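Please walk through this model, starting with its charged side chains and ending with its backbone.

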Amino acid sequence: MHRVGSAGNTTNSVRPRKEKRLAYVLSDADDTKHCAGINCLKVLKSTVSNGCDYLFTGSRDGTLKRWALSEDSASCSATYESHVDWVNDVVLAGDSTLVSCSSDTTLKTWNCLSDGTCTKTLRQHSDYVTCLAAAEKNSNIVASGGLGGEVFIWDMEAALTPVSKSGEAMEEDCLNGVNGSTNSLPMTSLRTISSSNSISVHTTQGYVPVGAKGHKESVYALAMNDSGTRLVSGGTEKVVRVWDPRTGSKAMKLRGHTDNIRALLLDSTGRYCLSGSSDSMIRLWDLGMQRCLHSYAVHTDSVWALASTPTFSHVYSGGRDLSLYLTDLATRESLLLCTKEHPISQLALHDDSIWVATTDSSVDRWPAEAHNPQKVFQRGGSFLAGNLSFPRARVSLEGSIPVPVYKEPTLTIPGTSALVQHEILNNRRHVLTKDTAGSDYGKVSFEEKKEQLFEMVSIPTWFTVDTRLGSLSVHLDTPQCFSAEMYSADLNIVGKAEDDKVNLAHETLKGLLAHWLAKRRQRLGSQASANVSPPSVVTEGYQGGPWRKKITDLDGSEDEKDFPWWCLDCVLNNRLPPKENSKCSFYLHPCEGSAFQILTQGKLSAPRILRIHKVVNYVAEKMVLDKPLDNVNTDGTFAPGLGGHVQHSVVGDGSFRSGAKPWQKLKPSIEILCNNQVLSPDMSLATFFRAGWLGACGDRNHVPV
């Protein structure tokens with residue numbers, strides 16, 4: 001354990017440094033599907049005739065996927081994996097750069113036409129990054145907002161420009177608190193704005209984006225016009241803020257919503273703005289006049305997603321009420337296009353169709369007629385949107401309740417069910433889970449199944465789990481993770497002596513990083529082979545922050561900059577941290593009514609993982625060794641009066657030695673009791689102590705035999 005001195009400590013005392021954690025994510029066998037809700041969508045149109053269009057999806061499972069689209073199918077062509085928490089938004093900067101943001105507080109850039117390698121990680125936010133905005137005609141500018149109330153405007157060209165090695169090292173030191181606080185950031189010497197609307201940044205230790213300062217609370221929505229000259233933001237302050245992204249200066253503040261603003265749109269010129277809010281309202285703003293032109297009471301619950309037609313004449317909206325609406329901004333005529341089983345989180349227009357993402361792991365494509373929306377209204381069933389959210393009176397033009405225009409999507413990209421419940425079983429090797437599809441155990445409930453799988457064992461808690469990403473994430477922290485041991489016989493490990501102790505975390509790490517170790521040996525010139533399993537590693541070293549990668553994508557070059565030092569020490573050197581005393585002490589004495597005088601006069605000490613049958617073997621050995629075999633009855637039981645004693649004995653793993661001793665062939669019958677109950681031979685001493693058996697066996701831990 002490394003130790004660092006406390007700040008201002010004059011007594012030379014030290015405090016332990018919290019070590020980095022290693023985790024691994026057990027994904028679904030079908031890695032081409034998302035396993036949690038979809039938070040963001042982005043369509044990339046092909047620039048060549050007959051080329052393939054792509055849809056990018058970002059999920060709560062922490063990954064992005066690229067889908068190659070055709071008329072009647074969508075196939076996963078790449079998975080982008082590096083974020084360690086939910087992916088919240090994604091935008092395109094130019095023709096080939098994909099920018100994503102996450103609850104892990106980072107932005108990441110990718111070559112959107114590559115196989116999924118992260119090209120840059122941008123760290124500036126202090127809390128979850130919730131939203132992004134990009135300028136369609138100025139691919140150099142991207143804005144980001146988050147729960148810390150921060151809005152940053154990024155010059156992507158400058159952000160992606162490699163810095164000198166020394167500068168990069170200094171930047172990483174700053175990011176990791178080497179030169180001060182863990183939240184310290186690299187400093188710039190000068191920031192200037194050029195006349196070409198691009199942001200130029202002159203730095204000495206790395207790029208720092210322009211900050212748009214003014215939000216006092218969380219930011220949930222951003223939008224930018226095509227040229228990148230106007231930016232709008234909204235969040236829990238219930239106001240729409242307008243900025244000049246070239247300087248980060250405030251232009252105006254628009255009030256009207258009564259709850260959190262969740263979605264924003266700007267027209268191509270930057271004059272008109274649409275906002276959707278948790279107050280269930282959609283508002284149209286004229287930024288030139290600095291006023292709200294219209295309010296549309298279409299939804300019955302929070303509005304989470306907006307998309308407009310190319311001419312900004314109609315708006316598609318979805319949200320918590322599971323409904324997708326199309327509204328004519330001029331006539332206020334609205335139409336219910338479809339309803340979903342889950343809240344709608346994001347929309348993306350694609351020609352005359354619209355992709356709809358929900359809190360489910362699947363994505364649907366529905367007809368939209370974005371280039372001629374009046375065709376949809378000709379089907380009938382429209383109503384006039386009110387201008388007050390309470391009461392939400394809908395006056396149908398045809399005098400009937402709105403009925404969805406479309407019943408089924410034209411295409412569905414299916415996902416897998418997310419895990420929503422978990423329980424670590426008391427054998428500390430299995431985890432029981434339940435997904436959104438319900439239990440997989442027939443008519444047996446989760447609790448009933450847990451009871452069925454219960455085992456009377458006691459093993460220290462050496463890992464923790466969560467299902468935040470929709471799949472099972474297993475977390476290992478040192479030194480706690482090295483506290484659990486078992487015998488190889490209990491784990492059914494072939495090729496090891498049954499009395500060999502196996503550290504569960506050690507074996508887990510060796511199996512998890514077998515591929516990395518094989519690659520490392522190949523780089524060093526030796527040959528190695530390994531059985532590769534599919535999890536993703538989530539961890540961090542002393543440099544660069546947390547990262548996530550499939551174990552099959554590790555190339556062997558990773559070292560202490562990438563992995564925790566204790567993990568490498570375990571896998572490469574087979575060294576484990578010092579652990580507390582893993583033995584327990586107890587006394588044995590004859591059962592009431594037995595003719596045995598005494599078995600031991602001293603305290604016995606044994607490993608906590610020792611099974612009761614080993615204690616039985618120890619008793620048998622001590623009772624018959626160096627005693628005449630006449631004392632053994634023909635039925636294999638021990639004759640009265642036989643006894644033995646040993647002071648301060650140690651019941652070791654090899655107490656019951658193999659060999660040709662005659663007494664072993666006679667299979668003596670010995671039972672260990674506590675509180676007049678026979679202990680199972682398979683019970684460990686740890687289970688015996690933990691289950692509270694000794695409370696009935698006397699204050700001195702006396703165990704009857």
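**Charges, repeats and backbone**

Lys375 and Glu369 form a salt bridge, with their closest N and O atoms 3.7 Å apart. The term means a side-chain nitrogen of Lys or Arg within 4 Å of a carboxyl oxygen of Asp or Glu. Lys375 is partly exposed, at 41% relative accessible area. Here buried means under 20% relative accessible area, exposed over 50%, and partly exposed in between (1.4 Å probe, protein chains only).

The model is predicted: local features need pLDDT of at least 70, side-chain atom pairs count only at pLDDT 80 or more, and totals for chains, interfaces and linings use all residues. Residues are numbered from 1 along each chain as its sequence is written, and side-chain values use heavy atoms, leaving out hydrogens and water.

The salt bridge count is 20. One of them joins Arg468 to Asp85, at 2.7 Å from N to O. Arg468 sits in the loop between strand 38 (464-466) and strand 39, and Asp85 in the loop between strand 7 (74-81) and strand 8 (87-93), so the pair ties together parts 383 residues apart in sequence. Strands (E, at least two residues) and helices (H or I, at least four) are DSSP runs, numbered from the N terminus. Arg468 is partly exposed at 36%, whereas Asp85 is buried at 11%.

Glu423 and Lys450 also meet in a salt bridge, at 3.9 Å from N to O. This pair links distant parts of the chain: Glu423 is in strand 36 and Lys450 in helix 4 (residues 446-452), 27 residues apart. Glu423 is partly exposed at 30%. Lys450 is partly exposed at 22%. Elsewhere, a network of salt bridges links Lys45, Asp53 and Asp351.

Residues 80-111 are 0% helix and 66% strand, with end C-alpha atoms 10 Å apart. Residues 122-157 are 6% helix and 64% strand, with end C-alpha atoms 13 Å apart.

Last, the backbone. Most residues other than glycine have a negative phi, and most peptide bonds are trans. Arg332 has a positive phi of about 70°. It lies in the loop between strand 28 (323-328) and strand 29 (333-339), and is buried at 16%. Arg428 has a positive phi near 55°. Its loop runs between strand 36 (419-424) and strand 37 (431-435). Arg428 is buried at 16%. The peptide bond from Thr478 to Pro479 is cis, with omega near 0°.
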